[in-house]
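Please look over the sequence and the coordinates below before reading on. The paragraphs that follow move from the whole chain to its parts and then to some details of the backbone.

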Amino acid sequence: MILKGRNRVGEPIEIEAEGDGALNLERVILPAFYDMHSHLENAYSLNLTGYNNSSSLHEAVERWAKVRDSLTLEELKLRIERSALIELFYGTTHIRVHADTCSKGLKSVKAAILAKEELSPYIDVQVVAFPEQGIFNCSKESFLEGSKISDLIGGKPEVESAEEHIKFITEIAEKLGKNLDVHVDQGDGSTKFSEMLLDLAKTHVALSHLTALHFYPEEYARLLVHKIKEKGSSVISSPLTAFYLNGGNSYPMPRGITRINYLLSAGVNVSLGHDDVINPFYPSGSGDMLHVLWMAMNIERNFDLSWVNLITENAEKEFGVKNVDYVVLEAKSVVEGLSTLLPRWGVIRKGKIVAKNSMEPKVLDLNPMEILRTMLNE
Ligand SMILES: [Zn+2]
């Protein structure tokens, strides 16, 4: 079957799906989305952990750590799978999952690897060995074991001796021949660990969060971004969680996400992650990467539609798996899609329609989307 629609810039596009005939969708067809940074083992866990009263990363980690080890491997796997399938409904077919190597018996990592296998008909999952509370604070041996069975090596240097931590993860990555994706400089500019990480990494490195770049003085920011570019490293931003966790509790309240405009202008590959959903790290969210993109556009005050690449082409480069999947928006233009954020018309995975929404919005006998389209085009 041929599905006909419009691409990001409004040109006609045709894609193939199983079945006969042709269907003129009259909607936007985009490459399927990537979620480049997620913690699915604790997605939708706010009812278990309780609310994060201080809106701080520290309290979020403490709350989750108390619950984490009481869940079985099967329960963690189910949580990962269900959360991933909700993302699929919104058009995401590639997810990078950070799995906690501090979990008892490496349950989180093992659950993510089992889920990866079961989700493969629908979603490509990459698993990152992620030491939420540290490598040496938890167990060096567990981190090593988790790294061997994961796709990428993660890190979080701020939680212990940063120098030792960075040396350890870069050496393991080199030894195992795996890329790095590290939670680094996720704060108000008081840490500068990215530089050391870039200097020591022998394999490709993605810098997750890097919110500190928002706060660094101009001269240091310029030097660091130059180094990121020279090294061919990527930056992955998670605007929903960063917006919530940063800024402290007094005014002025800077809502730090990394400098996306600045990095893109310097030629750095930037992509986005959902990170958290309805958990102590971020108490809202939907699993919709279009919503994440919308948030990034708002914070960075840039509504250039080429930013769709942050959840498609740019992410594809970092993920390293060719995207053959598509998402059909319930919209005739990207502007309309970003305005309404309506559930997607459908998702096509390797030529098969794997997700479909049948909602038809109505106000009495009127279709509010038709009214919106008229207004957007008159
Ligand atoms: Zn994270």
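Which domains does the domain assignment of the protein chain give? The assignment, which is automatic or taken from a database, gives domain 1 as 2-31 + 327-377 and domain 2 as 33-322. The model is a predicted one, in which local features need pLDDT of at least 70 and side-chain atom pairs count only at pLDDT 80 or more, while totals for chains, interfaces and linings use all residues. Residues are numbered from 1 along each chain as its sequence is written.

For the chain as a whole, 14 helices and 14 strands are found, where helices (H or I, at least four residues) and strands (E, at least two) are DSSP runs numbered from the N terminus. The C-alpha trace spans about 60 × 50 × 40 Å along its principal axes. A compact globule of 378 residues would have a radius of gyration near 21 Å, and the 21 Å of the protein chain agrees with this; the radius is taken over C-alpha atoms, and the globule rule is 2.2 Å times the number of residues to the power 0.38. Buried residues make up 50% of the 378 residues, a residue being buried if 20 or more other C-beta atoms lie within 10 Å of its own, exposed if 12 or fewer, and partly exposed in between, with C-beta atoms placed from the backbone. Among contacts between residues at least 6 apart in sequence, 70% join residues at least 24 apart, a contact meaning that the C-beta atoms of two residues, placed from the backbone, lie within 7 Å.

The C-alpha centres of domain 1 and domain 2 lie 30 Å apart, and 14 residues of domain 1 are in contact with 14 residues of domain 2. On the side of domain 1 that touches domain 2, strand S3 (22-31), helix H13 (334-340), strand S13 (346-349) and strand S14 (352-356) each supply at least two residues, and the largest share, three residues, comes from H13. S13 and S14 pair in the antiparallel sense over four bridges, pairing being counted if DSSP finds at least two bridges between two strands, and the bridge partner of Gly 346 in S14 is Lys 356. These two strands form a hairpin with two residues between them, and Lys 350 in its turn has a positive phi of about 45°.

A second hairpin is formed by S1 and S2, with five residues between them and, in the turn, Gly 10 with a positive phi of about 90°. Strand S1 (residues 2-6) pairs with S2 in the antiparallel sense over five bridges, yet strand S2 (residues 12-16) is hardly covered, since the count of buried residues among its five residues is zero.

From a record comes a further boundary: UniProt, in an unreviewed entry, places the feature "domain: Amidohydrolase-related" at residues 28-321; its positions are given in the numbering used here, feature names are shortened, and annotations may be inferred rather than shown by experiment. The span is 42% helix and 16% strand, and its end C-alpha atoms lie 23 Å apart.

Strand S10 (residues 234-237) and S11 pair in the parallel sense over four bridges, with Ser 271 in S11 as the bridge partner of Ile 236. From strand S11 (residues 269-272), Asn 269 and Ser 271 point one way and Val 270 and Leu 272 the other, and all are buried. In a regular strand the side chains alternate between the two faces of the sheet.

Helix H6 (residues 162-176) has 15 residues, which at 1.5 Å a residue should span 21 Å, and its end C-alpha atoms are 21 Å apart, in agreement; the expected span is 1.5 Å times one less than the number of residues. Its buried residues include His 165, Ile 166, Phe 168 and Ile 169, and what covers the buried residues of H6 includes helix H5 (140-149), strand S7 (152-153), strand S8 (180-184) and helix H7 (194-200). H6 is followed by Gly 177, whose phi is positive, near 65°.

Most residues other than glycine have a negative phi, and most peptide bonds are trans. Tyr 44, in the loop between strand S4 (33-38) and helix H1 (46-49), has a positive phi of about 60° although it is not a glycine, and counts as partly exposed because it has 17 C-beta neighbours inside 10 Å. Leu 210, in the loop between strand S9 (205-209) and helix H8 (218-231), also has a positive phi, near 45°, but counts as buried, with 29 C-beta neighbours inside 10 Å. A cis peptide bond, with omega about -5°, joins Tyr 251 and Pro 252.
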